[in-house]
Amino acid sequence: MPYTAELKKLIKIVEKTRPARVERKKRGEEFPPMSLKEREEILKYHPDFKEDGRSEIKLGPNKGYRIANEMVSLLHAPSRVDPDRVDLSSADYETDVLVIGGGGAGSAAALLARENGAKVIIATKLRMGDANTMMAEGGIQAATKSEKDSPYYHYLDAMGGGHFKNDPDLVETLVTEAPKIIAWLEKLGAMFSKFEDGRLRTMHGGGTSRKRMHYAGDITGAEIMRTVRDEVKNHSTDIKILEFSPAVELILNDKGVCAGALLYNLETEEYLVVKAKAVVLATGGSGRLHIQNFMTANHYGATGDGLIMGYHAGVPL
Ligand SMILES: Cc1cc2nc3c(=O)[nH]c(=O)nc-3n(C[C@H](O)[C@H](O)[C@H](O)COP(=O)(O)OP(=O)(O)OC[C@H]3O[C@@H](n4cnc5c(N)ncnc54)[C@H](O)[C@@H]3O)c2cc1C
């Protein structure tokens with residue numbers, strides 16, 4: 001596809017201003033970052049920031065959030081399940097832990113539950129590993145280099161990157177656990193890029209003050225997914241995988257506590273009842289790719305937010 005007129009105009013600006021940037025670089029000067037005000041001005045043109053592209057969620061745990069209209073319509077839609085067609089008096093499967101979603105988070109949760117003696121079922125929408133995790137390529141951040149970095153700096157970078165709106169407890173868990181997760185993945189066989197002497201290679205990620213992004217060439221997510229998926233499959237006695245079986249409703253017990261899920265088998269078109277002592281939602285974020293005819297900056301979604309599942313979660317069958 002040829003460049004559009006707008007893009008050609010932007011290319012000219014970049015070309016015109018390049019010598020000044022090169023000169024600065026030669027003098028060892030950093031190019032000044034845009035001020036918050038300048039950034040706000042530019043971001044206004046992004047579909048995610050256009051107020052009429054968003055509306056408020058009226059129901060469920062995410063009530064009050066303003067998100068893309070298309071997502072709101074989806075969340076406001078009635079359940080696809082006809083309660084008369086579902087028999088909750090007997091379960092098709094019973095397990096200790098039901099993990100919904102077979103990406104990186106779901107696989108890790110299943111492995112951890114198994115390590116702690118639980119029998120696990122992973123129910124996933126498509127094949128095991130058909131997930132955003134497989135597509136991530138940039139890298140995975142962890143403060144593993146104690147000579148220059150620490151979870152303290154990682155915490156500051158992550159909080160700053162989130163404009164200090166992040167949940168501090170979650171960020172603390174993230175930054176303190178991250179180095180252990182890198183070691184765990186390596187132990188399971190993940191092959192991160194390394195120097196000849198065996199040290200892990202790291203690079204800068206967006207907004208990081210230290211080089212702490214670990215990578216496996218440009219296939220980091222695929223390498224992580226390969227590793228955890230293999231490990232899950234190594235424990236088929238304890239971890240059962242149900243593929244092409246999205247959860248379409250959560251099931252509550254008589255105390256209103258989540259006690260399983262209703263799965264829809266995409267191949268046989270049957271509904272299956274899974275009863276579990278604990279349920280882990282690891283369905284990833286909502287990609288929103290190409291919603292509103294634009295590839296949004298938030299193409300990653302928010303890891304593990306379970307937004308799609310969230311609405312119907314409170315609706316007993
Ligand atoms: C192109 C791309 C590049 C990225 N690069 C990076 C990067 O460099 N570094 C980084 O840190 N992050 C990156 N990310 C983000 C990162 O990949 C995700 O945040 C992370 O992989 C999410 O993991 P997850 O297990 O929570 O979700 P996912 O990997 O998305 O897994 C969720 C799983 O749940 C399944 N599922 C969904 N709904 C249901 C349901 N109702 N029932 C059953 N199963 C369901 C899905 O099919 C999927 O298998 C990138 C993402 C993309 C798309």
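Of the 317 residues in the protein, 29% are buried, that is, with 20 or more other C-beta atoms, placed from the backbone, within 10 Å of their own. This is a predicted model, where local features need pLDDT of at least 70, side-chain atom pairs count only at pLDDT 80 or more, and totals for chains, interfaces and linings use all residues. Residues are numbered from 1 along each chain as its sequence is written.

The protein has nine helices and 11 strands, taken as DSSP runs numbered from the N terminus: H or I of at least four residues for helices, E of at least two for strands.

Now the sheet. Six strands form an open, mixed sheet in the order β8-β4-β3-β11-β10-β9, where pairing requires at least two DSSP bridges between two strands. β8 (239-242) and β9 (247-252) are at the edges with a single partner strand each, so one side of each has no neighbour in the sheet. Strands β10 (residues 258-264) and β11 (residues 271-281) run antiparallel and are joined by five bridges.

In that pair, A261 stands opposite V274 in β11. Leaving aside neighbours within four places in sequence, the contacts of A261 (C-beta atoms, placed from the backbone, within 7 Å) include L98, I100, A123 and V279.

Note on methods. A residue is buried if 20 or more other C-beta atoms lie within 10 Å of its own, exposed if 12 or fewer, and partly exposed in between; C-beta atoms are placed from the backbone. Two residues are in contact if their C-beta atoms, placed from the backbone, lie within 7 Å.
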